[in-house]
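I opened my notebook and started looking things up, one entry at a time. Here is what I wrote down.

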Amino acid sequence: MSRCWIRCWIGCASALAAFSTPVIAGEPPADRRPFRIEVIDDESGRGVPLVELRTVNQIRYVTDSNGVVAFDEPGLMGLKVFFTVKSHGYEFAKDGFGIAGAAIDVQPGGEARLKIKRVNVARRLYRVTGAGIYRDSLLTGVPIPIREPVLDGQVLGQDSVLNAVYQGKIHWFWGDTNRPGYPLGNFHSPGAVSDLPGKGGLDPAKGVDLTYFVDDKGFARPTCRMPGEGPTWITGLVVLTDDQGRERMFANYAKVKPPMTIYERGIVEFDPKNQTFEKRAQFGAEKTLHPAGGPGGHTFIHRDGDAAYVYYSGPYPLIRVPADPVKLVDPDACEVFTCLQPGTHADQGKLDRTSAGRLNYGWKKHTDVVGQQEQAKFVRDGKMKAEEGLLQLRDVETGKTVLAHGGSVYWNPYRKRWISIAVEAGGRTSYLGEVWFSEADTPLGPWVYARKIATHEDYSFYNPKQHPMFDQENGRVVYFEGTYTSTFSGAKDVTPRYDYNQVMYQLDLADPRLALPAPVFEVEASGLAFGSAVPGSVRGRSIAFFAPDRPGVATIAAGSKTGGEPLFYMLPADSELAETTPIYEYSRDGSGLRTYSIDPDRPETGSTRSANPVGRVWKNPGPSRVW
């Protein structure tokens, strides 16, 4: 008998013995209570959602909307377990080896608290949609603020939010929506309602109680199923009052077929009795009917002169329609603020110039929007000078152009300015994941200096929308959400539960990092004022320079108004920040009056100029006068 045969016989015998041995079913440990890990903001003490904890053997957990992880891993309970800790826009302390994490003694029923530092200007609060929003809190006994903490309307994921206050409640609508039973879900705009804060609704810092419109199986049902192939998407949600005093809610719809080709557009109106949208107008997809693809994005109503208009932010509010239900369905009533010749498209490149050669910006019909990309092309082709461009958005720190992709614009009573919250296309850490804040004196701008307020590394956070109905402290505290998804990001590591869902953020506008440079206007001979102090409109006013109107990071006060308040704030004279320029002080002889200019050779009769710059302010990269 050969050794090889003996080894084979012994192996087979062992295998047969193993198969003949009774298999004993595993019994759960006597105490299987999960260990609770809570990750909190080191400044506010609030739990931070969307924080990843990962063990040495790559078991991954993600905190729920309370910042809680329920850890219950057989074999690891009762041991000291190391977790790496990371999160978008937050930092965890590193050890001597540069590893960001902590070792925790994990015991059944026990708990631990980890502190994480917020780098984002905005605070991440909670997930609004999807399953398992407070899963880990439920498993570990942590109080939960909303009615449906784990599955509401059988929704697993939802794309791109729209909302408006209608008939005393907030009405919410989303794009494509995932369900538990099959990979294909609802592609016809599901909806929900919630109560307003202070009128039965939750404090927006705590959450939103949604009541979905559901079908007979409990799944969020379509509210806008228009006939034809493919999904029905809606945008441009707006509430208007007709001449009979009735409140009516409208939206623009689009029919889409592969590969994301829009073949039909139109207007729909919400029927509150049936909780569905009904068609009011159909336009087809021809560009001549509605320029730039038609009105879309998030809306606001604003009076210009004697008329009120619906403005559509996409992300800049360059398209408007009279705020009248009759005009809303009339494509000939749509206007675009543009520098193109009336009736032309951007690809024709026909710029509208006055006899003096100045670009003629104005509201025009059947004409295209000139977005940032079209504007940049005109500059490259020599048809436009860079400083003639309407859209000049850039990073306040580096001067780098910020290509705004989607977002919303609303009036803010705290800042007494219009504020924009928009995502950047082609950001440094993510293609559609970096969110920016900016301010302007008019809905049309000047939109120039911006600050990044949230980042999502290698992940998307597109179509962010501010919710003005949630504003607190006269607009000092605002709320916005966006779609957190791996789509368009190239991320290979998809976040469980959170992916393809809405995440809410809070932004405190009193944060000194948001003291952005604003236009300082020339109001009279040697006079300077911010837009909020300019008598009447800033239209036609010359911009002297840009500067913050409040203390910010590393700024110093310049001059003083009546009452002792500074005229503006500036950087120290030795600052090397991009996009800034020296500014000089001019003292009127014998009067103590002072004014400022970035022109060192400005003629000021009876005044003495400072020998050296007194500081630095920001340049005006765009038109010298407001259109």
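This is a predicted model: local features need pLDDT of at least 70, side-chain atom pairs count only at pLDDT 80 or more; totals for chains, interfaces and linings use all residues.

**Entry 1: a serine in a loop**

Is S575 buried or exposed? I looked it up: S575 has a relative accessibility of 17%, and buried means under 20%, so S575 counts as buried. I found S575 in the loop between strand 37 (568-570) and strand 38. I also checked S575 against H366, which is 209 residues away along the chain. Their C-alpha atoms are separated by 47 Å.

**Entry 2**

I carried on into strand 38, which covers residues 580-588. Strand 38 is joined to strand 41 by 4 bridges, and the two run antiparallel.

Then I wanted to know which residues cover the two sides of strand 41 (residues 615-618). On one side I noted G615 and V617, and on the other R616 and W618. These residues are all buried, so I wrote that both faces of strand 41 are covered.

**Entry 2: the whole chain**

I stepped back for some totals. The chain has 627 residues, and 53% of them count as buried. I noted 4 helices and 41 strands. Along the principal axes, the C-alpha atoms fill a box of roughly 115 × 60 × 60 Å. The accessible surface is about 28,400 Å², and carbon and sulfur atoms hold 52% of that. I also looked at contacts with a separation of 6 or more: residues 24 or more positions apart account for 59% of them.

Next I looked at sheets. I reminded myself that strands of a sheet pair through backbone hydrogen bonds, either parallel or antiparallel.

I looked at strand 17 (residues 247-257) and strand 18 (residues 261-271), which pair in the antiparallel sense over 8 bridges. In that pairing, I found Y253 opposite G266 of strand 18.

Another open sheet has 5 strands, in the order 25-29-28-27-26, and its pairing is mixed. I put down strand 25 (394-395) and strand 26 (404-412) as the edge strands, each pairing on one side only. Strand 25 pairs with strand 29 (residues 449-454) in the parallel sense, over 2 bridges. There, the bridge partner of D395 in strand 29 is A450.

**Entry 3: aromatic rings**

How many aromatic pairs does the count come to? I got 26 aromatic pairs. One of them is W172 with W174: it is stacked, at 6.4 Å centre to centre and with 10 degrees between the planes. W172 is buried because its relative accessible area is 0%. W174 is buried as well, with a relative accessible area of 2%.

I compared that with W411 and W418, whose ring centres are 5.7 Å apart. Their planes are at 70 degrees, so I put this pair down as edge-to-face. W418 counts as buried because its relative accessibility is 7%. W411 is at 41%, so W411 counts as partly exposed.

W411 and W418 also belong to one aromatic cluster, together with F300, Y309, Y311, F337, Y361, W363 and W627. I then looked at R320, which lies over the face of Y309, at 3.7 Å from the ring centre. R320 lies over the face of W363 too, at 4.0 Å from the ring centre.

**Entry 4: an aspartate in a loop**

My last entry is on D352. Where is the place of D352? I found D352 in the loop between strand 23 (335-338) and strand 24 (362-364). D352 counts as buried because its relative accessibility is 14%. I left aside its neighbours within four places in sequence and looked up what D352 is in contact with. My list reads C339, L340, Q341, P342, R358, L359, N360 and K364.

Conventions:
Residues are numbered from 1 along each chain as its sequence is written. Side-chain values use heavy atoms; hydrogens and water are left out. Two strands pair if DSSP finds at least two bridges between them. Rings of Phe, Tyr and Trp (its six-membered ring) pair if their centres lie within 6.5 Å; planes under 30 degrees apart count as stacked, over 60 as edge-to-face and the rest as tilted. Buried means under 20% relative accessible area, exposed over 50%, partly exposed in between (1.4 Å probe, protein chains only). A charge sits over a ring if NZ of Lys or CZ of Arg is within 6 Å of the ring centre and within 35 degrees of the ring normal. Contact means heavy atoms within 4.5 Å. Accessible areas come from the Shrake-Rupley method with a 1.4 Å probe; for residues, only the protein chains shown count as cover.
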